[in-house]
Amino acid sequence: MKLVKELEKVLSDTYALYLKTQNYHWNIEGKRFRELHAYFEDQYNDLFKTIDEVAELIRQLGHKTIGTFDAFKRLTKIKDARENISDEEMLKDLLADQGVIMSTLSEALKIAEEMNESVVADFLCGRLAVHKKNAWMMKSSL
């Protein structure tokens, strides 16, 4: 099913962004440590919850859910976290990823709407709103 394939990409991008954000949370340093440490934690907690929601949507559509690092790596467009970068570089990296995941969500939304899958479309619209706000907040922090 075409929609499931798109949701697998959403799941993969969300999982990859979760890992990267958690990595940056662990490794943040500098004058904005406290602020960004907490901000990144909020981000990865939201992404963690979303991973389960996307997987359950796939199951509700009658398909098994992918769940291996190999599958996620093959499907994601999110690049791995970079090591030894500044807090500003972390923000810029995560800001770029907001654009990547919004593109993936938009593609899935288009398919969901074509298939009249309103529950899936509603979920994807909600995630687009979250990532659009994230992008605005990150951009405003630079």
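Begin by selecting Ser-12, which is buried, with a relative accessible area of 0% (buried means under 20% relative accessible area, with a 1.4 Å probe and protein chains only). The structure is a predicted model, in which local features need pLDDT of at least 70 and side-chain atom pairs count only at pLDDT 80 or more, while totals for chains, interfaces and linings use all residues. Residues are numbered from 1 along each chain as its sequence is written, and side-chain values use heavy atoms, with hydrogens and water left out.

Ser-12 belongs to helix H1 (helices are DSSP runs of H or I with at least four residues, numbered from the N terminus). Now display the surroundings of Ser-12: leaving out residues up to four places away in sequence, Ser-12 touches Ile-66, Ala-71, Phe-72, Leu-75 and Thr-76 (contact means heavy atoms within 4.5 Å).

Next, select Ala-16, also in helix H1. Ala-16 is buried, with a relative accessible area of 16%. Beyond its neighbours within four places in sequence, Ala-16 is in contact with Thr-76 and Ile-78. Ala-16 and Thr-76 are 60 residues apart in sequence, yet their C-alpha atoms are 7.0 Å apart in space.

Now select H1 (residues 2-27) together with helix H4 (residues 87-114): their axes come within 9 Å and cross at roughly 165° (axes are lines fitted to C-alpha atoms over the stretch in contact, and angles run from 0 to 180 degrees between N-to-C directions). H1 and H4 are therefore roughly antiparallel to each other (the term applies to angles over 145 degrees). The residues of this contact divide into 12 nonpolar, 5 polar and 8 charged (Ala, Val, Leu, Ile, Met, Phe, Trp, Tyr, Cys and Pro count as nonpolar, Asp, Glu, Lys and Arg as charged, and the others, Gly among them, as polar).

The axes of H1 and H2 come within 8 Å and cross at roughly 160°. That makes H1 roughly antiparallel to H2. Their contact comprises 17 nonpolar, 7 polar and 2 charged residues.

Of its 38 residues, Leu-3, Leu-7, Leu-11, Phe-40, Val-120 and Leu-124 touch the most other members. The elements giving two or more residues to this core are H1, helix H2 (33-60), helix H3 (69-75), H4 and helix H5 (118-141). End at Leu-124, whose contacts, not counting residues up to four places away in sequence, are Leu-7, Val-10, Leu-105, Ala-108, Leu-109 and Ala-112.

Conventions. Parallel < 35°, antiparallel > 145°, perpendicular 65-115°, else oblique. Core = buried A, V, L, I, M, F, W, Y, C linked by side-chain atoms within 4.5 Å. Buried < 20%, exposed > 50% of the residue type's maximum accessible area, 1.4 Å probe, protein only.
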